[in-house]
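Dear colleague,

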Amino acid sequence: MPSDAIGRPVKDRARNHREPRSGSLTFLGGAGTVTGSKYLVAADRARVLVDCGLFQGQADLRRRNWAPLPLDPRGIDAAVLTHAHLDHCGHLPRLVRDGFTGPVYCTPDTARLAELVLRDSAHLLREEAEHANLHGWSKHHPARPLYEERDVERALALMRPVDLGSETQIAPGTVLRLHHAGHILGSGWAHLTLEDGRTIAFSGDLGRPVHPLLAPPEPFSGADVLLVESTYGDRHHDDQASRVRFADAVNRTLSRGGHVLIPSFAVDRTEVVLHELAELKRTGKIPASVPVFVDSPMALQTLRVYRDAIDRRSPCLRAELTAEGEAALDPAPFTPARSAQESAGIQHSPVPSVIVSASGMATGGRVVHHLRRLLPDPRNSVLVVGFAALGTRARDLVDGARSVKMFGTYVPVRAEVVNVPGFSAHADADEVLGWLRGAPAPDTVYIVHGEPRSSERLRARIAKELGWNAVVPRPGERATV
């Protein structure tokens, strides 16, 4: 008989999943990779899934999205989302499709943004399957989407928003408290108190103290067990150099008559890029007359969520941002492209322009169409302003690929590619250490959400500088808590 992630027969647990069991933590995703974050906490009377993200990037990772989880989703009592990025919430509709019916806890802003992200994801998955079937480039016949719009609607109906700092019993004997994480609007690091008093914390994606829009993350205050992200665990962000590099790349491209394409995550990254472009125009560091197109309906919808947060003076935002009011994110200097026709019309711009389009890793969305058009021309440039996971088109470009595959064909890369990692919303190694310092030592720190090199580097620094017991878990590993 098959066993689930904590070793109990699936058939028995599906019939009665509330019998006592020892506490454990299982790394179902986000271990050895920056994508697919999923962590199962099993206590005496409850099973809680913290994050439910899609795997992105390399083909072997993407295939894991289709593999059944090593447990029956009907036996999960509740889920917690730390934030609304696809690699943390994007698998939820599939989990619901496979039988999960429990509540999903997150902040109110995460619930609003997750609605945009998940509906867009289902739309893109359907379009991709339709395109594959039309042109025959998929190995599957017929190609089918991982989930559909109806699965998203069922998942959204399970959302139970909770405020930052409040304590909520989310399952028998399990209490959740979310703290401001400063990564994107609504992001939180999660603190769980189990029935026996043991505590476990999850950093989610940790933001930066210098984020131009969001207040710094609330410091880690302690837990018996901690999971901390390591996306940039081996690197340091040079903010001033990144801003200079960004402005220089824009000016260089415009001077040779080319277009600047910026693949950008629709949630938060686009808002930060627009903020930076507006500042560069205001200070005369790039021409005020250059057209800027925002070609991402989801980014434009996200912009409204951020503006609503400004209107209500959300404590998650920087005080100076709320003092400026809606003008801080006024899209008036930018031309929005909402419809497919408006998106296609961008290519007819009579003058050099800047195009900001999703997705940030260029794995899908309208940016792929712009890449296919702009990459062959050496006058153009592509600015990669966020983390790009292995196996994504953005990472291939950063690593110097001479051609990239899209829609079943290879497109030559002659455009200039500029990597600007300092624009990332992820804390670097020094910032993660700063977030940890001052807290009592956990029994164990698990280093997650990072590629192997960055996770190991951060583990070594935590062990050496803080003297904490730090471990890099393996995918699928189960540990006692």
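Aspartate 443 is partly exposed, its relative accessible area being 43%. Its side chain meets that of arginine 198 in a salt bridge, with an N to O distance of 2.8 Å. Aspartate 443 lies in the loop between helix H14 (429-436) and strand S20 (444-448), and arginine 198 in the loop between S9 and S10, so the pair ties together parts that are 245 residues apart in sequence. Arginine 198 also counts as partly exposed, at 25% relative accessibility. Please bear in mind that the model is predicted.

Glutamate 195 pairs with arginine 45, and their closest N and O atoms are 3.0 Å apart. Arginine 45 is partly exposed, with a relative accessible area of 40%, and glutamate 195 is partly exposed, with a value of 40%.

Within helix H15 (residues 452-466), glutamate 456 and arginine 459 are three residues apart, about one turn of the helix. They form a salt bridge whose closest N and O atoms are 2.9 Å apart. Glutamate 456 is partly exposed at 37% relative accessibility, as is arginine 459 at 23%.

In total, the count comes to 30 salt bridges.

Yours sincerely

Technical notes:
Residues are numbered from 1 along each chain as its sequence is written. This is a predicted model: local features need pLDDT of at least 70, side-chain atom pairs count only at pLDDT 80 or more; totals for chains, interfaces and linings use all residues. Side-chain values use heavy atoms; hydrogens and water are left out. A salt bridge is a side-chain nitrogen of Lys or Arg within 4 Å of a carboxyl oxygen of Asp or Glu. Buried means under 20% relative accessible area, exposed over 50%, partly exposed in between (1.4 Å probe, protein chains only). Helices (H or I, at least four residues) and strands (E, at least two) are DSSP runs, numbered from the N terminus.
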